[in-house]
Amino acid sequence: MMQAAAGSAEIDLDRIMQELDQRTKKLPVQALRTVQAHRDLFIPRLIQSLEDAATKIAAGQEVAADSSFFALFLLTEFQAKEAWPAIRKAISVPGDGAFDLFGDAVTESLSRVLAVFLAESPDELDELIADRNLNEYVRWQATHTYLKFVRDGRITRDAAVDRLRGHLRNALATQDTTLTTGMVCDLIDYAPREAREEIQTAFQQGLVDQGMVDLKTVERYIAEGDAHFQRSLERCDPTGIEDTVNELGHWAGFQEPPPRRNVPAPHVRDDVDDRDRAFSPTTIVNDEPRVGRNDPCPCGSGKKYKKCCGAA
């Protein structure tokens, strides 16, 4: 037990962290609210949970706890800059390690996280983009972050395009197909006439997944010019996390199913033919168990539910 700031009630840090660790089908709202109310006490614990989880995943061990998942959101909400080394370690785990820790937060929220912690460090953002050892979605989220920098006034549109063009040139030179596709998808947000040549070369060399973007679409957006760029800025999701509870309360994995209603079976008249009775409406009861965020997805994909059909 530790004493919180003067005038505050005693906070059992271990108990709260255990509540965050428990993999349940409900969002641990009370525990999260307690952490928010006593952030200074919990920041070191949250950072440690990230470091421990990253170490286990990197060693090929299963992480059977969710505190590291919540830590990513809470530390971003608190803008706890001291947490960046632990966050970087966690998102840098090779393969699908980042997904094992954070699930859909990688694709749904990571650029919002990076926009907070690397707001003053675009060079470090470039390091993430260029690192071929990182998960491809982590690298793509890093490229998404530049649009937030522009929207937030931290970098100019031209400076962002210049940096992204540099990455595209490197991807072309090294035949980095993973980065090439992501770079083209992100560059077109800026309607970049100045990058047309590099983008055309990427398509000519077959380095772009045309299931994600085709050259005709690229040309259309470039032709629209500033109008398209302004729409991209308007659609850009917010930087950071304002409230972890409100943010995660909308995630499918934490949604409670609607209450069952006992619908009485309709009265069946004795004079109804048996063939008609066979098609009479009856009450349907869903006896299937609820699927947890970290359970295997019932669709058979082999992924966890939170990374598949339970995506936010």
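**Exercise 1. Which helices each supply at least two residues of the lining of the second largest pocket?**

Before we start, note that this is a predicted model, where local features need pLDDT of at least 70, side-chain atom pairs count only at pLDDT 80 or more, and totals for chains, interfaces and linings use all residues. Residues are numbered from 1 along each chain as its sequence is written, and side-chain values use heavy atoms, with hydrogens and water left out.

*Step 1.* Learn the term: on a 1 Å grid over the protein atoms alone, a pocket is an open set of points where a 1.4 Å probe fits, with protein on both sides within 12 Å along at least five of seven lines, and lining residues have an atom within 4 Å of a point.

*Step 2.* Find the helices, which are DSSP runs of H or I with at least four residues, numbered from the N terminus. Helix H7 (105–117), helix H9 (136–151) and helix H11 (177–187) each supply at least two lining residues. H9 gives the largest share, five residues.

*Step 3.* Look at the space itself, about 340 Å³. Of its 17 lining residues, Gln141, His144, Cys185, Asp186 and Asp189 are the closest to the centre.

*Step 4.* Sort the lining by class: six nonpolar, five polar and six charged residues. Here Ala, Val, Leu, Ile, Met, Phe, Trp, Tyr, Cys and Pro count as nonpolar, Asp, Glu, Lys and Arg as charged, and the others, Gly among them, as polar.

**Exercise 2. Describe how H1 and H2 pack.**

*Step 1.* Helix H1 (residues 13–21) and helix H2 (residues 29–37) have axes 9 Å apart, at an angle of about 130 degrees. Axes are lines fitted to C-alpha atoms over the stretch in contact, and angles run from 0 to 180 degrees between N-to-C directions.

*Step 2.* H1 and H2 are therefore oblique to each other. Angles under 35 degrees count as roughly parallel, over 145 as roughly antiparallel, 65 to 115 as roughly perpendicular and the rest as oblique.

*Step 3.* Ile16, Glu19 and Leu20 of H1 meet Ala31, Leu32, Thr34 and Val35 of H2, where contact means heavy atoms within 4.5 Å. That makes five nonpolar, one polar and one charged residues.

**Exercise 3. Now do the H9 and H10 pair.**

*Step 1.* The axes of H9 and H10 lie 9 Å apart and the angle is about 165 degrees, so the two helices are roughly antiparallel.

*Step 2.* Thr143, Tyr146 and Val150 of H9 touch Arg157, Ala160, Arg163 and Leu164 of H10. By class, there are four nonpolar, one polar and two charged residues.

Note on methods: Grid points are joined across faces, edges and corners, and a volume is the space filled by probe spheres set on the points.
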